[in-house]
Amino acid sequence: MSGNPYQDDRGNRDRSITKPDGQGSVIGAAGGGKAQPAPGNPFLIGHEMTGGYGRGADILHGCTIAVERGEIAVIVGPNGAGKSTAMKAVFGMLDLRKGHVMLDNEDITRLSPQDRVVKGMGFVPQTHNIFTSMTVEENLEMGAFIRRDDFSETMEQVYHLFPILKDKRRQAAGELSGGQRQQVAVGRALMTKPKVLMLDEPTAGVSPIVMDELFDRIIEVARTGIPILMVEQNARQALEIADKGYVLVQGANAFAGTGKELLADDDVRKSFLGG
Ligand SMILES: Nc1ncnc2c1ncn2[C@@H]1O[C@H](COP(=O)(O)OP(=O)(O)OP(=O)(O)O)[C@@H](O)[C@H]1O
Ligand SMILES: [Mg+2]
């Protein structure tokens, strides 16, 4: 790839799209500040993935999704398009028949999900992404399962990002509202200090106000230097904060471009954004 065709078109760096936040954010392997996208390969890419569940028919047909350093990439598409399947494939929960997955220029196609976590991947699945009978704090502790060092500082950082979780830390996660549960799920994934975060519908089932707040927090995480690859049903709002967007249809890429390009594309608007 030559140059960067997206130079002036970055969703998450457009500071007008989120509330100004006086407090510096502290989570992030990169230690704050915004990471610049490096020229060359994406930080994480599932490249031309083909595969399905077990011995079943292929669900993905040469599907590619990726995220660059310092960016937010959003995957949209109709129900059953294979968005979650593509995320699971990138996380190693599916055997690929074709294609490969690269993380920071390393081929991780054959690694187990656990080994991918060790390599720096954080994943929040679409469903069953918290332990409902455990407290909020126990959920965060579970998130730190691969760590042998002191993770109390990371927990404080998660509480700084999501203050409501600190207030509710002794409550069973199952008692929380939908938006608060999603914060627990994202917080849990941050406990491993991931180098990249994958979120499958982080705003599912929440009100528009809560959705906006969650997007703001997600942007904040991205600005600490953690690239974010995210599936979203709220396609229009998500593409507004996206540096790159992918539209998946029937397990294949239908459209790809910057968030702005997709929002401006007549076909994408008519077919996927309600006109
Ligand atoms: N565990 C599974 N075993 C077998 N088939 C599955 C499994 N999970 C999903 N599928 C099938 O794979 C296809 C794609 O499903 P997937 O969940 O990836 O779609 P999606 O785009 O995430 O949809 P949604 O917007 O509803 O979340 C569907 O036909 C679905 O029935
Ligand atoms: Mg899904």
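Predicted model: local features only at pLDDT ≥ 70, side-chain atom pairs only at ≥ 80, totals over all residues.

Reader: OK. How many helices and strands are in the protein chain?
Author: The chain has 10 helices and 10 strands. Buried residues account for 46% of its 275 residues.

Reader: Now the ligand. Which residues surround ligand 1?
Author: The shell includes Tyr 53, Gly 56 and Ile 59, plus Gly 80, Ala 81, Gly 82, Lys 83, Ser 84, Thr 85 and Gln 126.

Reader: And how does that shell divide into nonpolar, polar and charged?
Author: Three nonpolar, eight polar and one charged.

Reader: Switching to the sheet: what's the strand order?
Author: It's an open sheet of six strands, β6-β7-β8-β3-β9-β10, with mixed pairing. The edges are β6 (121-124) and β10 (252-258), each pairing on one side only. On average, neighbouring strands are turned by 15 degrees against each other, direction ignored.

Reader: What packs on that sheet?
Author: Helix α1 (residues 83-91) does, touching β3, β6, β7, β8 and β9. Its direction makes about 150 degrees with that of β7.

Reader: How do β9 and β10 run, and how many bridges join them?
Author: They run antiparallel, joined by six bridges. In one of these strands, β10, Thr 258 is the bridge partner of Lys 244.

Reader: Last one, Glu 240: where is it, and why does it count as partly exposed?
Author: Glu 240 sits in helix α8 (residues 235-241). It counts as partly exposed because it has 18 C-beta neighbours inside 10 Å. Lys 260 is 20 residues from Glu 240 in sequence, and their C-alpha atoms are 6.8 Å apart.

Terms used: Residues numbered from 1 in each chain as written. Chains lettered and ligands numbered in written order. Helix = DSSP H or I, 4+ residues; strand = E, 2+ residues; numbered from the N terminus. Buried ≥ 20, exposed ≤ 12 C-beta atoms within 10 Å, placed from the backbone. Near = placed C-beta within 6 Å. Nonpolar A, V, L, I, M, F, W, Y, C, P; charged D, E, K, R; others polar. Pairing = 2+ DSSP bridges. Axes fitted to C-alpha atoms, helices over the stretch in contact; angles between N-to-C directions. Contact = placed C-beta atoms within 7 Å.
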